[in-house]
Amino acid sequence: MFEIVKKEPLNATVTKMVVKAPLIARKAQPGQFIIFRALPDSERIPLTIADYDREKGTVTIIFQIVGRGTMELNTLNVGDSINDFVGPLGTPSHLDGLKKVAVVGGGVGCAIAYPVAKKLHKMGAQVHAITGFRNKELVILEQDFRDISDVYKIVTDDGSYGEKGLVTDALEQLIKEGNQYDEVFAIGPLIMMKFVCLLTKKYGIKTVVSMNPIMIDGTGMCGGCRLTVGGETKFACVDGPDFDGHLVDFDEAMKRGAMYRQFEAREREEECELMQKEVEG
Amino acid sequence: MAFERNMDPKKTPMPTQDAEKRSHNFEEVALGYTYEMAVAEARRCLHCKNKPCQSACPVAIDIPGFIGRIAEEDLQGAWEILSASTALPAVCGRVCPQEHQCEGKCVRGIKGEPVGIGRLERFVADWHNAREDQKTEKPKANGHKVAIVGSGPAGLTCAGELAKMGYEVTVYEALHQAGGVLVYGIPEFRLPKAIVAQEIEGLKKLGVKVETNMVIGKVLTIDDLFDMGNEAIFVGSGAGLPRFMNIPGENLKGVYSANEYLTRVNLMKAYQQDSKTPIQRSQKVAVVGGGNVAMDAARCARRMGADEVTIVYRRSMNELPARKEEVEHALEEGIAFKTLSDPIEVLGDENGFVCGLRCIAMELGEPDESGRRRPVPVKDSAFDIPVDAVIVAIGTSPNPLIRKTTPGLETNKRGCIITEDEGGLTSRDGVYAGGDAVTGAATVILSMGAGKEAAKAMDAYIKGKNQ
Ligand SMILES: Cc1cc2nc3c(=O)[nH]c(=O)nc-3n(C[C@H](O)[C@H](O)[C@H](O)COP(=O)(O)OP(=O)(O)OC[C@H]3O[C@@H](n4cnc5c(N)ncnc54)[C@H](O)[C@@H]3O)c2cc1C
Ligand SMILES: Cc1cc2nc3c(=O)[nH]c(=O)nc-3n(C[C@H](O)[C@H](O)[C@H](O)COP(=O)(O)OP(=O)(O)OC[C@H]3O[C@@H](n4cnc5c(N)ncnc54)[C@H](O)[C@@H]3O)c2cc1C
Ligand code: SF4
Ligand code: SF4
Ligand code: FES
């Protein structure tokens, strides 16, 4: 069992948790993820390892409450334990040799982008971070990013905080100002990653994206997480989740991600009703 | 002999759930013999001196021996003989391909039907498991520690054997539940999960520790396990990596690997009304392949509510590699077989959902290396089957995770771990392997046999080292 040692809401729908998992903390690398099941009958859900502390034996996760699985996790509090917590899964991000990098995060994708940016900063690379959100209420990890980046830009769709615009606008501006990046890391909604890749392709900058397809086992056993990358089928859980963004078939990935939308909507309603009852009762 | 031999040329029929009824539930199909049926069937055995049946059983169960005890109504005696050779009789009695093994060599099969060896094995095991008073004595510890990777039949058998010798055994399992294919693959209606759970409880009583959520190669490596004081390690990680067809349309929504489909249905319990695991409720399903995995996927799809389920297989009915009983049960449940057909494309609608499977007809040519006649495509024979889901069950290979994270562990070009002899020694000192991880996808009983042999070899290795 994996005890929650800290819980902190980052905004109305995003929660940060620090979980006791010494074996995972010992091996974790940026770019890797865990799979959890909050309760004994829950679904298996992947989340990126947002941070880790090898000494304290803890792993940090940051998750957006979107459906039943993440709602269940959010009902747990400090002192409670998560039923299953397995990792570190996936291939760590390849960061060696990078000197100047733009890290682009969208929404809760910032949680996935943060450990990459932090590691790059520690390695002595120049980090230009761009984080984008729909509006001011949804902003997360602002101070964390500020602490580790040489240039930090925050944009919102509606202009309620930072600059108004999309992350692609901010990135293009930095490129046009003459910044030459060894690589761009783009992590966020599929549509955002797709557009970042279209932009960087134009400028010929290698771009790595972190894919988050639906997963079950996370070990290469089910094939449910498969993607087409450069015309080949890849399993995101073992071959990724990082891939060369210029080779990923985003349109297919977007379609596959919506496979269970109807089921999930029903589950979400049920879970809300259950929680409502608990609150009332 | 205190009884009269039963000369009925036919096997005592197995009571089964009605085919129409069972195609809507996940309860066990074969209900098991009653006491009277078991005794009557046991009395069909001729107690052949040369025991041809026994020589065809991978773990060499003394078949006439245990059957003789049933015939004499001594079930405890039958149990003792069985359990001397096999750790999972309740499982093997249900899932062994008996027609190719023990029953295939039975003398009674020459003029009629063979003795129902598997059914009798199951009967004795179920009888034993239903008794409250089974006591397991924890063996005396010998002070040595070993680790087992994977909790399928190979790993569980190896763990049990070593525990009985007094080793401190820990089983590391990647998933959240132990049992391997027995829990994530083979469905409830063929192998009730309570049976697997009971076997695992039995091992725990022997002192075996089972650690789930432990992906070896990620959380801990084989070398870490040695550093933790384990003197020998058994790798029984199975062959869980699904193969795909590499045809257009394979990543459309509604194309599943059999592993994904069966895992959702079995391990994640999508078949239960209140399950939290999503699964598509398909109406028309094509399952590609002809083995046990394909039969299981097809029969699950039927039970999940599909009206039409079609098995698409490139050879003919005679070459189906599945157990005979499963094919018969599938036919009874209304599963259609489209044989001599090979998929060439999955067709999709405008939203990216599957809407059909395009196939070409095949005909059988010359025999290939496996001795089976090779299917060859028939020119201009393409045809479409309208479906809303496709399940791919064309085989699996060993997962590369352990191979990639264990320096010095040699594998062949199919990714199978290379072992030296039947004891399962790999190219790494102290590392043994067995089951599907070594052979590629095979059978429960062969995996168990491998686990058992490896346990002996590991014991000899550790004893030798400590002398
Ligand atoms: C490698 C990986 C790392 C991830 N890291 C994080 C993270 O650090 N923080 C975080 O908040 N989320 C992360 N995700 C996404 C997270 O797994 C999903 O949000 C989660 O599965 C939703 O589960 P649910 O039961 O709460 O919602 P559901 O009801 O299952 O789904 C709600 C919505 O999310 C979509 N969805 C379902 N599964 C996924 C998925 N695997 N990925 C993306 N969308 C999905 C559905 O289509 C639906 O629109 C990651 C996903 C992967 C594969
Ligand atoms: C659907 C289906 C139906 C079948 N029907 C029959 C049948 O009727 N009769 C029959 O005889 N055989 C049948 N088989 C084949 C039989 O189940 C297998 O041959 C047998 O289970 C192999 O046993 P194993 O112990 O080698 O591996 P598995 O049963 O595959 O177990 C391996 C275990 O190791 C775990 N693992 C893998 N990698 C790691 C890792 N890195 N770290 C930790 N754990 C790991 C896996 O999660 C799994 O639990 C069927 C197979 C399937 C898939
Ligand atoms: S273990 Fe399998 S092959 Fe051996 S006797 Fe039992 S059913 Fe037959
Ligand atoms: S071959 Fe058949 S009849 Fe002969 S001993 Fe074996 S089970 Fe009995
Ligand atoms: S999640 Fe099952 S293969 Fe990747």
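A residue counts as near a molecule if one of its heavy atoms lies within 4 Å of it. In this predicted model, ligand 4 is surrounded by residues of chain B. The shell includes four cysteines, B:Cys45, B:Cys48, B:Cys53 and B:Cys106. B:Leu46, B:His47, B:Pro52, B:Pro64, B:Val107, B:Arg108 and B:Ile117 also belong to the shell. By class, nine of the shell residues are nonpolar, one is polar and one is charged.

B:Leu46 sits in the loop between helix H2 (35-42) and helix H3 (52-55) of chain B. Its relative accessible area is 30%, so B:Leu46 is partly exposed. B:Leu46 also contributes to a nonpolar surface patch of about 370 Å². B:Val107, like B:Leu46, is part of the shell around ligand 4.

Seven aromatic pairs were counted over all chains. In one of them, the ring centres of A:Tyr114 and A:Phe145 lie 5.6 Å apart; the planes meet at 80°, so the pair is edge-to-face. This pair links distant parts of the chain, 31 residues apart. A:Tyr114 lies in helix H3 (residues 109-122) of chain A, and A:Phe145 in helix H4 (residues 142-148) of chain A. A:Phe145 also pairs with A:Tyr152. Here the rings are stacked, at 6.1 Å centre to centre with 5° between the planes.

A:Phe145 is buried at 0%. A:Tyr152 is buried as well.

How values were computed:
Residues numbered from 1 in each chain as written. Chains lettered and ligands numbered in written order. Predicted model: local features only at pLDDT ≥ 70, side-chain atom pairs only at ≥ 80, totals over all residues. Heavy atoms only, no water. Nonpolar A, V, L, I, M, F, W, Y, C, P; charged D, E, K, R; others polar. Patch = residues over 30% accessible without salt bridge, like charges linked within 9 Å, V, L, I, M, F, W, Y side chains within 5 Å. Areas by Shrake-Rupley, 256 points an atom, 1.4 Å probe, with all protein chains shown as cover. Salt bridge = Lys/Arg side-chain N within 4 Å of Asp/Glu carboxyl O. Helix = DSSP H or I, 4+ residues; strand = E, 2+ residues; numbered from the N terminus. Buried < 20%, exposed > 50% of the residue type's maximum accessible area, 1.4 Å probe, protein only. Phe/Tyr/Trp six-rings, centres within 6.5 Å; stacked < 30°, edge-to-face > 60°.
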